[in-house]
Amino acid sequence: MLYFAYGSNLHHFQMKRRCKDSVFIKKINLKNFRLTFRSKYRAADIEPKKNSIVPGGLFKISKSDEKKLDVYEDYPTLYKKYYFYHYGKKVMTYSMVKKSQFKFPTERYLNIVKRGYKDCSLEIKYLRKGLNNK
């Protein structure tokens, strides 16, 4: 299965620790969405926004990896699954169930996300935009 990471799961070491079978394929953009941070966890989330993009990492994961991610992402309580197609292939990602107001992430979490942006060669300007809640 293909999985799109856009928050802390971009961090290759952390992703490998969570999902032992995961393989990073390439960076891709999720169109007409924007990055934000919310909930009591101050975690990354995506929400629809026309003419906006969320850069992320495309990973191949196994069924057991998906089950581990479901537990980690507190599916279906905190996050629900969202599916989209990338060049005809179905891709799964997570989106928060409750769209609460913006909350700036903790320094620790943000550093993991920043490291993930480096690991996946993503443009940091999109992370800054999400942090500015624009």
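Helices (H or I, at least four residues) and strands (E, at least two) are DSSP runs, numbered from the N terminus. This is a predicted model, in which local features need pLDDT of at least 70, side-chain atom pairs count only at pLDDT 80 or more, and totals for chains, interfaces and linings use all residues. Residues are numbered from 1 along each chain as its sequence is written, and side-chain values use heavy atoms, with hydrogens and water left out.

Helix α3 covers residues 107–119. Its expected span is 1.5 Å times one less than its number of residues. For 13 residues this gives 18 Å, and the end C-alpha atoms of α3 are 18 Å apart, which agrees. Buried here means under 20% relative accessible area, exposed over 50%, and partly exposed in between (1.4 Å probe, protein chains only). In α3 the buried residues are Tyr-109, Leu-110, Ile-112, Val-113, Gly-116, Tyr-117 and Asp-119. They pack against α1 (12–18), β2 (23–38), β3 (43–60) and α4 (124–131); contact means heavy atoms within 4.5 Å. Just after α3, Ser-121 has a positive phi of about 55°.

Helix α4 has buried residues at Tyr-126, Leu-127, Gly-130 and Leu-131. These cover an arc of only 140° around the axis, which puts them on the same side of α4. The arc is that of the directions from the helix axis to the C-beta atoms. An α-helix has 3.6 residues a turn, so residues three or four places apart point the same way. The cover over the buried residues of α4 includes β2, β3 and α3. Just after α4, Asn-133 takes a positive phi of about 55°.

Ser-22 lies in the loop between α1 and β2. It is buried, at a relative accessible area of 5%. Leaving aside residues up to four places away in sequence, Ser-22 touches Met-15, Lys-16, Phe-59, Lys-60, Ile-61 and Asp-65. The side chain of Ser-22 also reaches the backbone oxygen of Cys-19 at 2.8 Å. Such a polar contact is a pair of N or O atoms within 3.5 Å; within protein, one must be able to donate a hydrogen and the other to accept it, and residues adjacent in sequence count only if both atoms are side-chain atoms. Ser-22 and Glu-47 are 25 residues apart in sequence, and their C-alpha atoms are 25 Å apart in space.

The structure holds 10 aromatic pairs. Rings of Phe, Tyr and Trp (its six-membered ring) pair if their centres lie within 6.5 Å; planes under 30 degrees apart count as stacked, over 60 as edge-to-face and the rest as tilted. The rings of Phe-24 and Phe-59 have centres 5.4 Å apart and planes at 65°, so this pair is edge-to-face. It links distant parts of the chain, with Phe-24 in strand β2 and Phe-59 in strand β3, 35 residues apart. Phe-24 is partly exposed, at 28% relative accessibility. Phe-59 is buried, at 2%.

The rings of Tyr-79 and Tyr-94 are also edge-to-face, because their centres are 6.4 Å apart and their planes stand at 80°. This pair joins strand β4 (residues 79–86), which holds Tyr-79, to strand β5 (residues 89–96), which holds Tyr-94; the two are 15 residues apart. Both tyrosines, Tyr-79 and Tyr-94, are buried. One aromatic cluster is formed by Phe-4, Tyr-6, Phe-33, Tyr-82 and Phe-84.

Charges also sit over rings. The criterion is NZ of Lys or CZ of Arg within 6 Å of the ring centre and within 35 degrees of the ring normal. The charged end of Lys-81 sits over the ring of Tyr-75, 4.6 Å from its centre. That of Lys-90 sits over the ring of Tyr-83, 4.6 Å from the centre.
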